[in-house]
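Here are my notes for your read-through. Keep the model open beside you and check each point as you go.

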Amino acid sequence: MELISKLLFAILGATGQGLLWAVLALGIYITFKILDVADMTCDGSFALGGCLSVTLVVAGWNPFLSLIISVLAGMLAGMVTGFLHTKLKIPAILAGILTMISLYSINLRIMGQPNKSLIKIDNIITLIKKIIPPSIMDSIKYSTLNSIIVIAVGLIFGIILCFTLYWFFGTEVGSALRATGSNEDMIRALGQNTDLMKILGLVISNGLIALAGGLVAQSQGYGDVVMGQGAIVIGLASIVIGEVFFGRCVSFVSKLISVIVGSVIYRVIIAIVLQIGLNNNDQKLFTAIIVAFALSLPVIKTTKFGLLVSKFFANFTSFLFRRKQIPFVDTTMENTTSNK
């Protein structure tokens, strides 16, 4: 029972963290899936959002206002990457790496030290706690209440961002941005400025990533200059896992939801594996294996082993969920006979 309770608590905490990190995954989805640009800025812009938000909160700023400043800073980082790529013709992946490296020094300048804590300082979690009645506060464990608040915050931001992105990419500018990723030559022939569309996509993407950094930093109570290390792998893992579970989604909003669900599933998997006994130092390796396996699934399914496994699971599920077979009636023959 103790192991089960630990697992349930770990899953609860992982769900909240997954919803916060889903904001990062949405930002990465814009560049890698919509814009079709390999942007490596995300590791730096995630840490930028976290470090800037923590520094402003420590300085006495409102935690929600600090998130807005973090978003603007992330947008500026995306604009720099876009300028290097489109105007100076530096390859996208290299432009992102250059921005990411420079952001490490900038984050150190912002905080003045490698990390900074929010102990005994109000953040978005503590501000929400002050609204909750004392009777509810006393009836729920401190750690459980924290997880519930993080889940609520993550859900609110996730819903708002999903509807906002769905609306934006349905506009003329958003459609042009999506078309730039699908067929750059065609959209250029239609008179659109593809360089501007790329910069816009990178600005929006890194703004969301910086927002995720601010949310995660405030939820965990500290900011660190290396907190964005491996963020791109985590974001890609969320996207790939969402695609595996949702299949080929048709509508755009379902694709956005699949990214959020994939982020939650990824965090839950990591939490369960850590509770079972995986060394925390092996977390990055485990993440890389998950991403590699998910990306190679289409190829694995075409092999003899993949076909055998697919056939086995198909037979197994049909055995579990066996339905009554309805006899086939040839209505065409019946109608012909009755007409005669």
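1. Rings of Phe, Tyr and Trp (its six-membered ring) pair if their centres lie within 6.5 Å; planes under 30 degrees apart count as stacked, over 60 as edge-to-face and the rest as tilted. By that rule, you'll find 3 aromatic pairs here. Take Phe168 and Phe169: their ring centres are 5.1 Å apart and the planes sit at 75 degrees, so this pair is edge-to-face. Ring pairs also join Phe168, Phe169 and Phe252 into a cluster.

2. A quick word on ground rules. This is a predicted model, where local features need pLDDT of at least 70 and side-chain atom pairs count only at pLDDT 80 or more, while totals for chains, interfaces and linings use all residues. Residues are numbered from 1 along each chain as its sequence is written, and side-chain values use heavy atoms, leaving out hydrogens and water.

3. Are Phe168 and Phe169 buried or exposed? Buried means under 20% relative accessible area, exposed over 50%, partly exposed in between (1.4 Å probe, protein chains only). Phe168 has 17%, so Phe168 is buried; Phe169 has 1%, so Phe169 is buried too.

4. Now look at Arg178: its charged end sits over the ring of Phe252, 4.6 Å from the centre. That label needs NZ of Lys or CZ of Arg within 6 Å of the ring centre and within 35 degrees of the ring normal. Arg267 has its charged end over the ring of Trp21, 4.6 Å from the centre.

5. Finally, Ser70 is buried, with a relative accessible area of 0%. Its contacts (heavy atoms within 4.5 Å) are Gly49, Leu52, Ser53 and Ala210, not counting residues up to four places away in sequence.
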